[in-house]
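I would like to walk through one structure that is new to the group, so please have a look at it before I go on.

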Amino acid sequence: VQLQASGGGLMHTGDSLRLACVLSGATSGRTFSTSFMGWFRQAPGKDREWVAAIAWRGTISHYADSVKGRFAISRDNAKSTVYLQLNDLKPEDTAVYYCAAGPDYSGTYASPFANEYTSWGRGTLVTVSS
């Protein structure tokens with residue numbers, strides 16, 4: 001399977017943006033529907049950090065404290081797509097944003113741990129100027 005993130009761009013403080021990540025491949029539908037999905041980001045010169053995660057049932061999601069209340073993760077299992085809505089953007093949100101998938105059959109688990117994800121996309125750059 002492959003993950004492809006899109007939607008990044010050059011933004012200004014306070015702007016909103018929606019990122020999308022599509023899972024494709026021969027078994028994409030079944031894989032996506034049994035995977036928790038997450039977004040991570042890596043700012044220039046910094047380590048990758050977890051941003052948000054959502055269980056495959058879509059009813060459970062978690063957020064890093066730095067984005068809680070501003071970002072929202074959602075998914076459309078029929079389209080094998082996970083979204084990240086970024087609101088009230090700040091310069092410190094500047095980073096390459098990556099989506100990732102991890103297997104889970106419970107439907108209620110959403111991991112904040114990078115080592116639990118088995119598939120990663122290439123990332124999309126979000127730049128926020130002040």
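Let me begin with a term that we will need: a disulfide is counted here wherever the sulfur atoms of two cysteines lie within 2.5 Å of each other. In general terms, such a link is a covalent bond between those two sulfur atoms. Please keep in mind throughout that what you see is a predicted model.

With that cut-off, the structure holds one disulfide, and the residues that form it are Cys21 and Cys99, with an S to S distance of 1.9 Å. The angle about the S-S bond is 55 degrees, and the link of Cys21 and Cys99 is right-handed. As for where it sits in the chain, Cys21 belongs to strand S3 and Cys99 to strand S9, which covers residues 95-103, so that the pair connects distant parts of the chain, 78 residues apart.

Are these two cysteines buried or exposed? Cys21 has a relative accessible area of 0% and is therefore buried, and Cys99, with a relative accessibility of 0%, counts as buried as well.

Strand S3 brings us to the sheet. Four strands form an open sheet, in the order S1-S3-S8-S7, with antiparallel pairing. At the edges stand strand S1, residues 2-6, and strand S7, residues 71-76, and because each of them has a single partner strand, one side of each is left without a neighbour in the sheet. From one strand to the next, the twist averages 15 degrees.

Now let us step back to the whole protein. Its secondary structure comes to one helix and eleven strands, and along the sequence these follow the pattern β-β-β-α-β-β-β-β-β-β-β-β. The radius of gyration is 14 Å, close to the 14 Å that the globule rule gives for 130 residues, and the protein is therefore as compact as a globular protein of that length. Along the principal axes, the C-alpha trace spans about 40 × 25 × 25 Å.

Of the 130 residues, 45% count as buried, while the protein exposes about 6,400 Å², of which carbon and sulfur atoms supply 49%. Finally, among the contacts with a separation of 6 or more, residues 24 or more positions apart account for 61%.

Conventions:
Residues numbered from 1 in each chain as written. Predicted model: local features only at pLDDT ≥ 70, side-chain atom pairs only at ≥ 80, totals over all residues. Heavy atoms only, no water. Pairing = 2+ DSSP bridges. Helix = DSSP H or I, 4+ residues; strand = E, 2+ residues; numbered from the N terminus. Axes fitted to C-alpha atoms, helices over the stretch in contact; angles between N-to-C directions. Rg over C-alpha atoms; globule rule 2.2 N^0.38 Å. Buried < 20%, exposed > 50% of the residue type's maximum accessible area, 1.4 Å probe, protein only. Contact = heavy atoms within 4.5 Å. Areas by Shrake-Rupley, 256 points an atom, 1.4 Å probe, with all protein chains shown as cover.
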